[in-house]
Amino acid sequence: MNKILNVLHQTVLVLVFLPFALLAENHINLKIGEEVYIERCVLCHGKNGEGWDWGKKAVKPPVPVPNLLKVLPQRTDEYLATVIKFGGNAVGLTDFMPALGFNLTDQDVNNLIAYLRALKLKTAVDGAFFEKQVPLFDNLVWLPKKSVSLLHHLQDLIVPAAFFRPIEVSFTEKNNRQNRFFQPNIQQGFDLLANQKILRKNSGNHQTGGFFPHAINIDDFNHDGNLDFAIPASASGTLTILLGDGTGGIISNQQYPVGEGPTWVETADFNRDGNLDFITTNTGAGSLSLYFGDGKGGLYGRREIKGIHGPPSVVAEDFNQDGLPDLAVAQAGLSKVVILINDSTGIPKVSYSFDVERGPHIIDGVDLNQDKITDLVVGSLGSHTLSIILANGNGTFKEANVVKVGRFPHYRAYGDWNGDGHVDAAVAVAGEESVEVLLGNGMGDLKPLARYDSGVNPHGLTSEDFNQDGELDLAVSNRTSGGIAIFLGDGSGTFQKTHSVITEEDGITLSHGDFDKDGIIDLALVSASSHSLIFYKGDGKGNFHLW
C-alpha cells in the first residue's frame, strides 16, 4: 500500500509541477525565438509580422511579402520549418525567401516558430490570448478537462503549445466572437509571385543573367586595363562575370555554376599564375566554390571547399606572411570565423576557427593598426556590433575588441576621414536608417563619432573623392527607399548629406570606379530585385546620373 501511495504522490507532484516547469522553459524559448526573428526576419516581415511597409518603402520587392498574421493559421509547423530551413523554393514559392538552414540550428528554428505562433495569438486579440492571462507566459493553449489525453482526470489546465499540439484551439472574446487557430487546411496555392520590373533600355543598365544578385567585386580580370565585374546570384546559384569595355559598356557576360545560395565573391591569385581567381561563399550549400582565372576573363577548374557551415562572406589576404592569399570566412549560424591557409596547390584548407559575436554577416580585411598586416573587422547582425580582430602575422589573431554600433550593420567603407593618418570606418546600419562614422586611433581601435540619416534600409556603402576636393566622401544605397545618398566629407571627420540619387532600385550593394576612363569616379549599383548591374556616371562635383 505504501508503494502505491508513493507512486500516486510522485505522479501528482509531476502532474502539478510539470506544466509550470514547461511554461518557464517555453518562455525562455520564446525570448530566443524573438531574438532570431529580430535578427533574421524583421526587416522584411515587420516588427509584428505585418509584412512589407508599403506606405514607407518606395522600392517594392519582386514578390509581395505576406502578412504573417494571416498566413500562419494556414501553415503547419513542419511547413514553416521547411520554408525557414530550405527557402521558399522548397515549397513551390519564390526564392526571395532565402534558405536559413545553414545559419540556424534546429532549436533556433523551433524557437522561431514558437515565437511566430505567439506573435499570431497575441496580435489576434490585442495582446491577450485569454481574458485572464498567466504572467510572463504567452504561447499557451487551453486543454479542457474533456480532452482525450493522459490528463483527462484533472481540471482544466493551461499548458505550453509546444507540449500539446492541438488540431484546433478556440476561445471567445468579450464580444462573443469566436476565434480559431491552427486550422490544418493548408492552402498550397498561396500566391507570392509578382511581375518583375521591366528595365529601361539604357547602356548603363545591364542584366546580370542570374537571379537575386547579392554582392560585387570589381577589378581587371582580363588584363586589358578596363574594370570588370563579378557578381554572385543567390537564387540561381551562379557567378556572373561581366567584362567592361572602358566606356561604361559591357562586352561579355558569362555565368558559371557555383554552390547553392552564393552570397559573396572574393578575388585573389591563389595559384600564383599572375591571374585573378574567384571564390564564392555558398550559404545554402555550406561550401566555398573556387574558380581559377585564365587571364582572359574566363574561369576554369572549379573546386568545392566543403564543410563551411553557413558562410555569408569571405575575405582573402595573406595572414601568415608567406606570400600566398589565405581566407577568413564568417559563419553566421555558428557565430564563428574560420581561417583557411593556402599552399602550393592554390586551394586554401581549413586551419582553425574562433568565436565572434552573434550572427556575423560581413567580414572585411583592413590594416587598422598600421603594422602592414591585414586585420579583420566582422559585423554581427545578432549583436549589432563590429568585432575588431588584430592579426599576429603568423596566421593567428588576437582576441576581438567589440564595438557597439547601430542595429543591423551591413557594408562598411574605410579611409582617413579626418586627415590624422589613421584608418577610420563607416558602416551602413539598416535598423537605424543611417550611416555611422567611426574614427580610428592607429592602434586598432574604432570609436563611434557620428550618425547620419541615409534612407530606408541602407545596405551598400562605398567611399571615394566624388567631388575632387581631395577629401573622401560616402555613398549609401538604400534598398527600400530606392536611392543613393551622397555624403561629402570636409576632411575633419564630418560629412554633409548633399542629395540622394533617385534610383527606384533595390540596391543591395554599391561600389565605385572610373568605368569610362575620364578621370572621374562613377558608381555601380547591384539591384537584387531587377537582377541587374546599373552604372551611375559621376560629374566630378559629387553628382551622379543614370548612364
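Reply: Note that this is a predicted model. A search of the whole structure turns up 16 aromatic pairs.

Me: Why is the pair of tyrosine 452 and phenylalanine 495 called edge-to-face?

Reply: Start with distance. The ring centres are 6.3 Å apart, and the limit for a pair is within 6.5 Å. Now the angle. The planes stand at 80°, and over 60 degrees counts as edge-to-face.

Me: Are tyrosine 452 and phenylalanine 495 buried or exposed?

Reply: Tyrosine 452 is buried, and phenylalanine 495 is too.

Me: Which residues do ring pairs link into a cluster?

Reply: Phe229, Phe515, Phe535 and Trp547.

Me: How do you know that asparagine 111 is buried?

Reply: Its relative accessible area is 3%. Buried means under 20%. Asparagine 111 is therefore buried.

Me: Where is asparagine 111, and what does it touch?

Reply: Asparagine 111 belongs to helix H5 (residues 106-124). Leaving out residues up to four places away in sequence, asparagine 111 touches Asn29, Ile32 and Gly33. Glutamate 34 is 77 residues from asparagine 111 in sequence, with 8.0 Å from C-alpha to C-alpha.

Me: Which residues have the most contacts inside the largest nonpolar core?

Reply: Leu327 and Leu474, in a core of 30 residues. Strand S12 (residues 287-293) gives this core its largest share, 3 residues. A second, separate core has 24 residues, including Ala81, Val109, Leu112 and Phe408.

Me: Why might nonpolar side chains be buried together?

Reply: In soluble globular proteins, they tend to be.

Me: What lines the second largest pocket?

Reply: The lining has 28 residues. Ile216, Trp264, Asp364, Arg412 and Ser511 lie nearest the centre of the pocket. Several strands each supply at least two lining residues, among them S6 (217-219), S10 (262-268), S18 (360-366) and S30 (507-513). The space in this pocket is about 750 Å³.

Me: How do the lining residues of that pocket divide into nonpolar, polar and charged?

Reply: There are 15 nonpolar, 8 polar and 5 charged residues in the lining. Trp264 is one of the residues nearest the centre, and Trp counts as nonpolar. Asp364 and Arg412 are also nearest the centre, and Asp and Arg count as charged.

Note on methods
Residues numbered from 1 in each chain as written. Predicted model: local features only at pLDDT ≥ 70, side-chain atom pairs only at ≥ 80, totals over all residues. Heavy atoms only, no water. Phe/Tyr/Trp six-rings, centres within 6.5 Å; stacked < 30°, edge-to-face > 60°. Buried < 20%, exposed > 50% of the residue type's maximum accessible area, 1.4 Å probe, protein only. 1 Å grid on protein atoms, 1.4 Å probe; cavity = no way out; pocket = protein on both sides within 12 Å on 5 of 7 lines; lining within 4 Å. Points joined across faces, edges and corners; volume = space filled by probe spheres on them. Helix = DSSP H or I, 4+ residues; strand = E, 2+ residues; numbered from the N terminus. Core = buried A, V, L, I, M, F, W, Y, C linked by side-chain atoms within 4.5 Å. Contact = heavy atoms within 4.5 Å.
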